[in-house]
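Morning, everyone. Please bring up the sequence and the model on your screens.

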Amino acid sequence: MTGTVTVPAGFLWGAATAAHQVEGGNVNTTNWADEYHPRATVSEPSGDACDSYHRYPEDIALLAGAGLTAYRFSIEWARIEPEEGVVSHAQLAHYRNMIETCRQLGVEPVVTLHHFSFPRWWRARGGWGAPDSAAVFANYARIASSILTDVTWVITINEPNMMVVNSESTVDTGTGVNAPDEPDPSLARAIAAAHHAATEVLHEQLPGVKVGWTIANQVYQAVPGWEAQRDAWQYWREDFYLEQAREDDFIGVQSYLRTVIGPTEDARGYGPQEWPEGTDRTLTGWEYYPEALGHALRHTWDVTGGVPMMVTENGIAASDDERRIAYTTGALAAMGDAMADGCDVRGYLHWSLLDNYEWGSFAPTFGLIAVDRRTFERTPKPSLVWLGGIARGGALPG
Ligand code: BGC
């Protein structure tokens with residue numbers, strides 16, 4: 001399909017992963033500790049994941065061979081700083097090799113410093129709630145900067161808004177307490193302070209670097225008449241984080257779905273609406289709604305006041321790869337419309353390069369590439385070839 005919108009020169013076409021979801025053997029994280037806890041609530045642990053810790057050259061080569069030009073991956077804090085203040089030069093060298101592998105294959109690395117997983121010592125010292133958490137995170141950014149000398153795109157923190165919204169334990173603590181009713185503004189402010197402190201360090205250390213964070217955009221829509229409640233619901237779940245990016249070099253937009261806010265039976269009286277019986281859903285149970293990406297970009301553009309954007313995640317959990325192509329076609333068309341209307345979008349990074357560990361289960365398959373759970377053999381899906389073709393042509397589906 002040939003569209004009317006052609007992306008600007010230098011537009012990044014790629015795919016994304018996160019260390020804990022693909023590397024395997026990530027034993028020094030709190031995630032690992034919780035997954036293997038006797039009262040773990042996840043359906044399966046991450047184990048060897050995709051063994052990308054060893055197989056990343058093959059992953060990046062498959063991406064490049066298809067015609068994609070960018071790889072977003074995260075570096076694992078728990079490996080780089082295994083104990084507070086202890087730097088692993090061997091692990092830094094490992095991630096430096098990943099960057100060099102990208103460069104050798106003509107792939108632009110987009111590096112995330114923190115994608116949901118924490119070193120065990122971090123939780124033990126109080127996590128984001130510790131009074132010096134921003135300084136400790138900024139120190140990690142300083143350590144990481146030593147291998148990022150020629151990297152242009154750096155993401156400090158992935159989806160801080162989801163971290164706050166989902167701040168429940170994945171271990172059954174026996175208290176019956178699960179996700180808090182409301183996101184905690186003090187936690188949000190602590191993470192924002194860490195983002196700003198890390199951004200300052202990266203700018204000091206890496207002239208020319210572009211630094212931002214990535215926000216899960218939920219496309220909050222209102223039942224007619226419930227706009228004020230929608231805005232209230234949205235502020236501490238999304239807009240606060242978009243506002244924090246106003247001075248950033250770019251912002252990562254991550255979009256999968258929409259959420260409709262309207263009347264509810266609980267004490268608050270408003271909140272997300274249930275999807276009607278028969279709604280077309282994906283493997284994660286989310287509504288099939290490819291248009292979400294266009295809304296996400298427009299909303300982010302409006303709230304940030306025009307900060308350059310990169311789509312750092314967009315995709316669908318689907319066993320039928322044709323459905324992945326159909327979803328992505330719709331999402332790219334919506335992105336093209338937003339760009340035609342003036343949104344400045346610098347790249348599109350599909351989630352995900354691989355079928356990976358979806359934070360509790362391998363069942364929801366988001367990958368452009370299938371991975372055998374035992375042999376780790378990679379099998380590219382037609383969607384990888386298809387997305388590479390779009391990247392080579394440069395025109396968006398219209
Ligand atoms: C996260 C990914 C996750 C994806 C699909 C995003 O919230 O950044 O780690 O796998 O959504 O659920």
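I'll go from the overall fold to the ligand, and then to a few single residues.

One thing to know at the start: this is a predicted model.

Let's begin with the whole protein. It has 13 helices and 13 strands. Its C-alpha atoms fill a box of roughly 55 × 50 × 45 Å along the principal axes. How does the radius of gyration fit a compact globule? For 398 residues, such a globule would have a value near 21 Å, and the protein has 20 Å, so the two agree.

Now the inside. Buried residues make up 58% of the 398 residues. As for the surface, the protein exposes about 15,500 Å². Carbon and sulfur atoms supply 51% of that area.

On to the ligand. How many residues surround the ligand? There are 13, and the closest are Q21, H115, E159, E313 and E358. By type, the shell divides into six nonpolar, four polar and three charged residues.

Look at the oxygen atoms of the ligand. An N or O atom in the E159 side chain is 2.5 Å from a ligand oxygen. For N158, a polar side-chain atom lies 3.0 Å from an oxygen of the ligand. For W351, the distance from a side-chain N or O atom to a ligand oxygen is 3.3 Å. How much of the ligand does the protein bury? Taken alone, the ligand exposes 310 Å², and the protein buries 92% of that.

Stay with Q21, one of the closest residues to the ligand. Q21 is in helix α1, residues 19-22. Is Q21 buried or exposed? Its relative accessibility is 1%, and the cut-off for buried is under 20%, so Q21 counts as buried. A polar atom of the Q21 side chain lies 3.0 Å from the backbone oxygen of Y357. Leaving out residues up to four places away in sequence, Q21 touches several others, among them H115, W351 and E358.

Next is T112, in strand β3, which covers residues 108-114. T112 has a relative accessible area of 0%, so T112 is buried. Which side chain makes a polar contact of 3.0 Å with T112? That is the side chain of R72. Beyond four places in sequence, T112 also touches residues including F73, I155 and N158.

Now some backbone details. The peptide bond from W351 to S352 is cis, with omega near 10°. S352 is in the loop between β11, residues 345-351, and β12, residues 369-371.

W359 lies in the loop between β11 and β12. W359 is not a glycine, but has a positive phi of about 50°. At 26% relative accessibility, W359 counts as partly exposed.

F376 also has a positive phi, about 65°, and is not a glycine. F376 is in the loop between β12 and β13. With 10% relative accessibility, F376 counts as buried.

Last one: A130. This residue sits in the loop between α6 and α7. A130 is buried, at 9% relative accessible area.

Find E159, with its 2.5 Å distance to a ligand oxygen. Then find Q21, buried at 1%. Thanks, everyone.

Notes: Residues are numbered from 1 along each chain as its sequence is written. This is a predicted model: local features need pLDDT of at least 70, side-chain atom pairs count only at pLDDT 80 or more; totals for chains, interfaces and linings use all residues. Side-chain values use heavy atoms; hydrogens and water are left out. A residue is near a molecule or strand if one of its heavy atoms lies within 4 Å of it. A polar contact is a pair of N or O atoms within 3.5 Å; within protein, one must be able to donate a hydrogen and the other to accept it, and residues adjacent in sequence count only if both atoms are side-chain atoms. Accessible areas come from the Shrake-Rupley method with a 1.4 Å probe; for residues, only the protein chains shown count as cover. Ala, Val, Leu, Ile, Met, Phe, Trp, Tyr, Cys and Pro count as nonpolar, Asp, Glu, Lys and Arg as charged, and the others, Gly among them, as polar. Helices (H or I, at least four residues) and strands (E, at least two) are DSSP runs, numbered from the N terminus. The radius of gyration is taken over C-alpha atoms; the globule rule is 2.2 Å times the number of residues to the power 0.38. Buried means under 20% relative accessible area, exposed over 50%, partly exposed in between (1.4 Å probe, protein chains only). Contact means heavy atoms within 4.5 Å.
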